[in-house]
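I opened the model to look up a few local features. My notes are set down by topic.

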Amino acid sequence: MLAKDIGIDLGTANVLIYIKGEGIVLNEPSVVAIDTDNKKVVAVGHEASEMLGRTPGKVKAIKPMKDGVIADFEITEIMLDYFIRKIHARNFLSRPRILICCPSNITPVEKNAIKEAAERTGARRVFLEEEPKVAAIGAGMDISKPSANMVIDIGGGTTDIAILSLNDIVTSDSVRIAGNVFDQDIIKYIREKYKLLIGEQTAEEIKIEFANIFNPDKKHKLEVRGRDLVTGLPSTIEITEEETEEALRESITKIIKAVTAVLEQTPPELSADIVEKGIILTGGGSMLNGLVPLLKEKLKVPVFIADSPLTCVVEGTGVLLDNIKLLENES
């Protein structure tokens with residue numbers, strides 16, 4: 001049996017895996033549940049994610065990726081090994097070649113950690129590619145020509161901003177503000193304003209289903225349940241769309257500043273291309289309600305969301321795996 005070539009979007013929030021010739025075969029949360037008494041793995045992925053904030057004392061649900069990099073090497077290795085076994089990408093006769101995506105400005109030490117984690121799961125070769133480049137390819141952008149393509153990839157842990165031309169990154173930045181920080185912003189705002197403690201899953205639901213960061217409606221309200229920090233009892237409050245904009249304002253402003261800084265470093269000829277073509281948004285965070293009109297207003301250039309923002313990066317690995325000889329020549 002021939003070894004499979006696989007592409008992995010090793011995200012802070014989710015792991016997506018692409019097998020050459022098969023497409024996307026796995027999309028699961030980057031969570032591992034561990035029994036703290038005997039250090040054994042209780043669950044991985046979807047099953048472990050459902051345990052977040054709901055586990056008994058001895059079971060701990062861990063997110064081993066933080067800000068797009070490995071925060072817990074051992075748990076990341078366990079998680080990767082579990083997912084690779086689940087998709088049957090490896091057997092005793094053959095070992096897969098693996099392409100993994102990473103944020104654009106991580107350190108060589110962090111890159112090595114990602115590479116080693118993949119190698120220890122039994123990979124024959126491991127290739128690393130920068131996330132915004134792969135996201136742009138997955139979004140259908142032709143980055144091979146001498147003209148600018150700009151992508152903003154807002155994941156769970158990082159927002160990667162890049163301008164690409166001739167198959168390479170011309171200028172880029174990566175800020176550790178993205179979907180997970182948005183969740184924490186909502187938790188903090190509700191805790192400080194209403195003395196109500198809510199969990200990460202509740203915050204994520206508010207972000208996805210209710211939050212609006214452009215011209216929010218103060219009459220549009222949502223019931224939020226949590227624990228009253230004064231009485232310790234379960235309690236319900238109402239928040240408005242306007243409050244979600246207030247909660248997220250500081251983080252969104254930082255992302256806009258980083259995008260502006262990348263645009264300011266861009267050669268004039270490439271800037272003209274961006275004015276004409278616009279900016280493509282990828283990643284789950286790009287689906288935040290109001291983000292597109294806000295960026296259009298602040299940056300004065302067209303802004304579009306990719307057709308499948310959640311899977312752009314892993315789909316980009318699929319395109320690169322079809323040209324794996326180019327990757328082998330680069331490494």
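The entries below cover a strand and its neighbours, an aromatic pair and the cysteines.

**Ground rules**

I am working from a predicted model, in which local features need pLDDT of at least 70, side-chain atom pairs count only at pLDDT 80 or more, and totals for chains, interfaces and linings use all residues. Residues are numbered from 1 along each chain as its sequence is written, and side-chain values use heavy atoms, with hydrogens and water left out.

**Strand S12**

I took strands as DSSP runs (E, at least two residues), numbered from the N terminus. For burial I used relative accessible area: buried is under 20%, exposed is over 50%, and partly exposed is in between, with a 1.4 Å probe and protein chains only.

I looked up S12, residues 159–165, and found seven of its seven residues buried, so the strand is largely enclosed by the rest of the structure. In a regular strand, side chains alternate between the two faces of the sheet. I therefore checked each side of S12: Thr159, Ile161, Ile163 and Ser165 are buried on one, and Asp160, Ala162 and Leu164 are buried on the other, which means both faces are covered.

**Neighbours of S12**

I counted two strands as paired if DSSP finds at least two bridges between them. S11, residues 149–154, pairs with S12 in the antiparallel sense over six bridges. Ile154 has Thr159 of S12 as its bridge partner. The hairpin from S11 to S12 runs through four residues.

S13, residues 168–175, also pairs with S12 in the antiparallel sense, over seven bridges. Here Ala162 is bridged to Ser172 of S13. Two residues lie between S12 and S13 in their hairpin, and Leu166 in that turn has a positive phi of about 50 degrees.

**Aromatic pair**

I searched for paired rings of Phe, Tyr and Trp (its six-membered ring), meaning centres within 6.5 Å; planes under 30 degrees apart are stacked, over 60 edge-to-face, and the rest tilted. I found one such pair in the structure. The ring centres of Tyr82 and Phe83 are 5.7 Å apart and the planes are at 65 degrees, so I logged the pair as edge-to-face. Tyr82 is partly exposed at 28% relative accessibility, whereas Phe83 is buried at 0%.

**Cysteines**

How many disulfides does a search of the whole structure find? With the cut-off of two cysteine sulfur atoms within 2.5 Å, I noted zero. The closest cysteine sulfur to that of Cys101 is in Cys102, at 7.5 Å, too far for a bond. Cys312 is in no disulfide either, and its nearest cysteine sulfur, that of Cys101, is 11 Å away. Cys101 is buried at 1% relative accessibility, and Cys312 is buried at 1%.
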